[in-house]
Amino acid sequence: MTMVADFSVAEPVLADAEALSAMAQASFCDTFAYRNYPADDLAGFLATAMGPERYAAQIADPAYGLRIVRNLSNEIIGFIKMGPNDLPLVDGDQNDAVRELHQLYLLPAAKGTGMADFLMNWGVEWARAEGARSLYLSVYFENIRAQKFYARHGFVEIGKNPFWVGQTCDDDRVWRRPL
């Protein structure tokens, strides 16, 4: 476990899956509340894409690398999830040499603390250790704060990736960073 200011960072265990799911869902809903997804679409998306079973499976899968951030009350307030690439490739990249930053989520209490930079640096090192030569991610085109953060970390937009929340298709953009 690593301590950063008033936070601890650790690899999650299976017992963390429920709390990680709840935190991820809260962060997604907070960030994208203005999108006004139909209730059934959002509920289905959260249950499948961010359900505790999915996080438990990824925590147990050695192809994924995760780190969680806890506050002094031991609550999960952020995380990063790295893993195999699911996004469209460009410029001759081969999937075996690409990893994806699947999620980097922080609750409001952790934003502006430097925790996102800490997690990003960990994720880049994880991808390098996995033999990746490129790191990909997908970000919603209106999420300007995230885009500025990714640009500061060497990512550039390279294409589009439709992102489905139920029957709603969001305009996500694929970003890439050479390693």
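**Figure 1. Helices α1 and α2 in the predicted model**. The axis of helix α1 (residues 17–32) and that of helix α2 (residues 39–49) come within 10 Å of each other, and they cross at roughly 145°. This crossing is right-handed. On the α1 side, the contact involves Gln25, Phe28 and Cys29, which meet Leu42, Phe45 and Leu46 of α2. By class, the contact of α1 with α2 comprises 5 nonpolar residues, 1 polar residue and no charged residues.

**Figure 2. Helices α4 and α5 and their crossing**. Two packed helices are described by the angle between their axes and by the distance between those axes. For helix α4 (residues 115–129) and helix α5 (residues 144–152), the axes come within 11 Å and the crossing angle is roughly 50°. The two helices, α4 and α5, are therefore oblique to each other. Their crossing, that of α4 and α5, is right-handed.

**Figure 3. Residues in the contact of α4 with α5**. Helix α4 contributes Ala116, Asp117 and Met120, and these meet Phe149, Tyr150 and Arg152 of α5. The contact of α4 with α5 contains 4 nonpolar and 2 charged residues, with no polar residue.

Figure 4. Divided by class, the lining of the largest pocket has 23 nonpolar, 11 polar and 10 charged residues.

Notes: Residues are numbered from 1 along each chain as its sequence is written. This is a predicted model: local features need pLDDT of at least 70, side-chain atom pairs count only at pLDDT 80 or more; totals for chains, interfaces and linings use all residues. Side-chain values use heavy atoms; hydrogens and water are left out. Ala, Val, Leu, Ile, Met, Phe, Trp, Tyr, Cys and Pro count as nonpolar, Asp, Glu, Lys and Arg as charged, and the others, Gly among them, as polar. Axes are lines fitted to C-alpha atoms, for helices over the stretch in contact, and angles run from 0 to 180 degrees between N-to-C directions. Helices (H or I, at least four residues) and strands (E, at least two) are DSSP runs, numbered from the N terminus. Angles under 35 degrees count as roughly parallel, over 145 as roughly antiparallel, 65 to 115 as roughly perpendicular and the rest as oblique. A crossing is left-handed if the near helix is turned anticlockwise from the far one by less than a right angle, and right-handed if clockwise. Contact means heavy atoms within 4.5 Å.
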